[in-house]
Amino acid sequence: MDLFLQFLINGLAIGAVYAIVAVGYSLIYGVLQCIAFSHADTCMVSGYVAYAAMALLGLPLPVAVLMAISAGALLGVIVERVAYRPLRHAPRIMPLISALGVSIILQNAAALLFGPQSRNIDIGVSSLRGIAISGAVLPAAEAVILITALILGIGLYFFLKSTRIGLAIRAVACDAEAAEVLGIPSQAIVSITFAVSSAVAAVGGLLVASAYDLFPTMGVLLGFKAFTACVLGGIRSLYGSIVAAVCLGVVENLAAGYLSSEYKDAYAFAILVGVLAVRPQGLFGASDRRI
Amino acid sequence: MDLHTVEMINSAGIWAILALSLNVIVGYAGIASIGHAAFYAIGAYSSAIMCVRLGAPPWLGMAVGCVLAAGLGALISIPSLRLRDDYLMLTTLGFGEIVYLTCRNWESLTNGPRGIGGIPTLRVLSVPVTEMGLMPWLIWGCVFTLAGLLWALEHSPFGRQMMAVRDNEIAAMSLGVRPILYKLTAMVVGAMAASFAGSLLAHKLSFIDSEAGFGLSTSVMVFAMVILGGRGSIMGVVAGAILLSAVPEVLRRFGLPLATAAPLRQIIFGILLVAIVVFRPQGLFGKLKFRE
Amino acid sequence: MATLLNDNRQPILSARGLRKRFDGVVALDSLDIDIEDGITGVVGPNGAGKTTLFDVLSGFSRPDSGTVLLCGRRVNGWPPHRLARQHPGITRSFQEIRLFEELSVLDNVLVARKFSGGTTVWGIMRRLTIRRELRKELNEVLKILRLLELADLQQRRAHELSYGQRKLLELGRCLAAESRLTLLDEPFAGVNPHMIELICRALTKARDGSQKAFLLVDHNRRAMESVCDRILRMEQGRVVGAVTGGQAHVA
């Protein structure tokens, strides 16, 4: 039982990270109807920005965090402008290919600048002991993840529900042209959505870099799993995707613990194929469109 | 002509076969597959395992590889009917990763990163195929044979119907054409040709391991060759293969250390992908853009 | 009191020489039109170019040639959101009813309220206000919903409504938008007589109270004659004549 609880706790933490990254996929898909393939690499870039700020420039943590989040948001806006916007009328696969290109550029630029070895950023909790929960331990770093994810989630909820921009994003996600006739500049809203999603992803990247490892291809598996979570929950359903992401983290960790940890990354893929075969619109998605 | 130049020519030839094989899938059938290295791996490992462990003759190793690859290809053609382009692309990515992970982790079968060595050299009529000797002729002979076969396919009624399915599946269906037949054929043909390329690689290098280029970066590179050259165009994708396989060479001339050259090469590919898709989606020699 | 043409004022929207072709089919053939205050109707057979005219005037389609003047200002090629944010602005409804399906009835109308009043994106960003504090806007929106008998449904999602209610909701969204001119594409189509009456009442109220102008396209002759101040006829891409306001609504 102890082992189960431990796997569960660790799975919740990684699931929270998947959820943070999944937010971006879902929001961007809502306003652009396109899978932002390069989204997860924003996590990696932000992680390196913070690492460079702290380890190379010696800046304090809060400054590094701020820099990382700003860099992430800026990157999102630039990538949207360069790789997605010119292709908004092209067949869906084109932005996916250009995003693939962007992803390759970012990963290899990081490898070029920082080398392939794993790094870590120190947020000052490494000396703290974890919290004991009836036989299992919640490491301090993972507690930070859970708390941060909760705060982000609540913030996101109020942002979308109660602010003018949040309302505009939701409107554009429903029908961009109908939003336009009411004065909403849908193009600008897309940029803002990228900025917000990327800022959130940046936080996710910082969490991963502090609690786990930071390396150039960090975004590949992270993105694939977050995307799988979106497919499982229904990519148009933001909260469905979040729930699915947390579940995915838990299931993956349990399977890796009890079955085989070598094929850990294959479980997500198996889930992806399974969902696409049986219910492509996801658990919470509407069933009217051909996926 | 020194060994190094011949090695380049042989290498380019294998890439050309890969690019032609992907062209059938991406260009003729319109399935955006970025898991193509999986078939390459299957061919290479089939040849390696059959020849080294079981002592089988090379042609048997190749045949087994082709059959296995065809099976996997057929499997992938099923989701290609139900899923739309971008979801399908990500599914193929997943397939490719699964095969790569299996190659790396199923050590009892593949030896993982430690690899399988001692793969025999091919013989044509008792003449060994060596790097400097027969190999360029054999490989490029295969390239031209494959190109010829594909040209025939392209201009056959079957090929025309395949492209009709690619361009407008619903309209094709209304004319009584059944998409599954064409997509299945395309996947199987493409898979088998890629597997053949993998077998050639195994016999050429006489040693393969899981890190020899069976992962996502290889799949993406072949995909980039097809896109750059112009999908659907035989000459285009061969040109794309030659151009992109030459990039590492060009970088080598600058005398960069490997740690710098390798990521730089990838960055160039990434920039090319973005640039082509944004500015010239039909590639250098292609006439078609992606279907609407 | 009928609101009639006021010849001294500039027309709100004026178009000259509009031409638009689609692959050999001439949709607009050197069309001239002046849209003044009040409710203007446009009738004509299918294929006369009415939808194309709407698309051009609302910024969804660029004319091949010709000019469009909004209160004397040239607005050729302006995108829809820019036209909507102008003072005076233009908004429209769609033939196929385009609502924000996942949003509530209230949110659907509230979106119109918040963005057509001339705020720029940067202005919006500077004023990230919590909705509840803007009581005035909420009241305005509720007034419109009550007028269209949709107030009880305010928390329902748009996709849960009946066809007629959806039509009314789209109209409500247009009314809430602070635009001077509203283009309505077949507002009476597929709607029962009681709702037609609601629509007409809402239109006249908006015309008189908020000085909104409307351009209507519809096939329902009776409804058009009862609510429009003037009716223009379109045929083969041009405006060919006017049916004067003789049968227009007189209060």
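In chain C, strands E1 and E2 form a hairpin with 2 residues between them, and C:Asp23 in the turn has a positive phi of about 50°; helices (H or I, at least four residues) and strands (E, at least two) are DSSP runs, numbered from the N terminus. This is a predicted model, in which local features need pLDDT of at least 70 and side-chain atom pairs count only at pLDDT 80 or more, whereas totals for chains, interfaces and linings use all residues. Residues are numbered from 1 along each chain as its sequence is written, chains are lettered from A and ligands numbered from 1 in the order in which they are written, and side-chain values use heavy atoms, with hydrogens and water left out.

**The sheet of chain C**

- Strand E1 (residues 13-22) of chain C is joined by 8 bridges to strand E2 (residues 25-35) of chain C, and the two run antiparallel.
- E1(C) is also joined by 5 bridges to strand E4 (residues 65-70) of chain C, again in antiparallel fashion.
- C:Ser14 has C:Asp34 as its bridge partner in E2(C) and C:Leu69 as its bridge partner in E4(C), while C:Leu13 has C:Ile35 as its partner in E2(C).

**Contacts between chains**

- Chains A and B share the most contacts of the 2 pairs of chains in contact, where contact means heavy atoms within 4.5 Å.
- Chain B and chain C are joined by no contact, and their closest C-alpha atoms lie 18 Å apart.

**Salt bridges**

- The count over all chains comes to 23 salt bridges, a salt bridge being a side-chain nitrogen of Lys or Arg within 4 Å of a carboxyl oxygen of Asp or Glu.
- A:Asp175 forms a salt bridge with C:Arg98, with the closest N and O atoms 2.8 Å apart.
- This pair crosses between chains, from A:Asp175 in the loop between helix H6 (164-174) and helix H7 (176-180) of chain A to C:Arg98 in the loop between strand E6 (90-92) and helix H3 (105-115) of chain C.
- Both A:Asp175 and C:Arg98 are buried; buried means under 20% relative accessible area, exposed over 50%, and partly exposed in between (1.4 Å probe, protein chains only).
- A network of salt bridges links A:Asp175, A:Glu177, C:Glu96 and C:Arg98.
- A:Asp265 forms a salt bridge with A:Lys225, the closest N and O atoms being 2.8 Å apart.
- That pair links distant parts of the chain, with A:Asp265 in helix H11 (residues 264-278) of chain A and A:Lys225 in helix H9 (residues 218-233) of chain A, 40 residues apart.
- A:Asp265 counts as partly exposed because its relative accessibility is 25%, whereas A:Lys225 is buried, with a relative accessible area of 5%.
- C:Arg173 forms a salt bridge with C:Glu170, for which the closest N and O atoms are 3.7 Å apart.
- C:Arg173 and C:Glu170 are separated by about one helical turn because they lie 3 residues apart in helix H6 (residues 163-176) of chain C.
- C:Arg173 counts as buried at 1% relative accessibility, and C:Glu170 counts as buried at 3%.

**Cysteines**

- The count comes to 0 disulfides over all chains, a disulfide being a pair of cysteine sulfur atoms within 2.5 Å.
- B:Cys51 is in no disulfide, and the nearest cysteine sulfur, that of B:Cys66, is 13 Å away; B:Cys51 counts as buried at 8% relative accessibility.
- C:Cys200 is likewise in no disulfide, the nearest cysteine sulfur being that of C:Cys228 at 8.3 Å, and C:Cys200 counts as buried at 12% relative accessibility.

**A buried isoleucine in chain C**

- C:Ile144 has its place in helix H5 (residues 135-147) of chain C and counts as buried at 13% relative accessibility.
- Not counting residues up to four places away in sequence, C:Ile144 touches C:Gly172, C:Leu175 and C:Ala176.

How values were computed. Two strands pair if DSSP finds at least two bridges between them.
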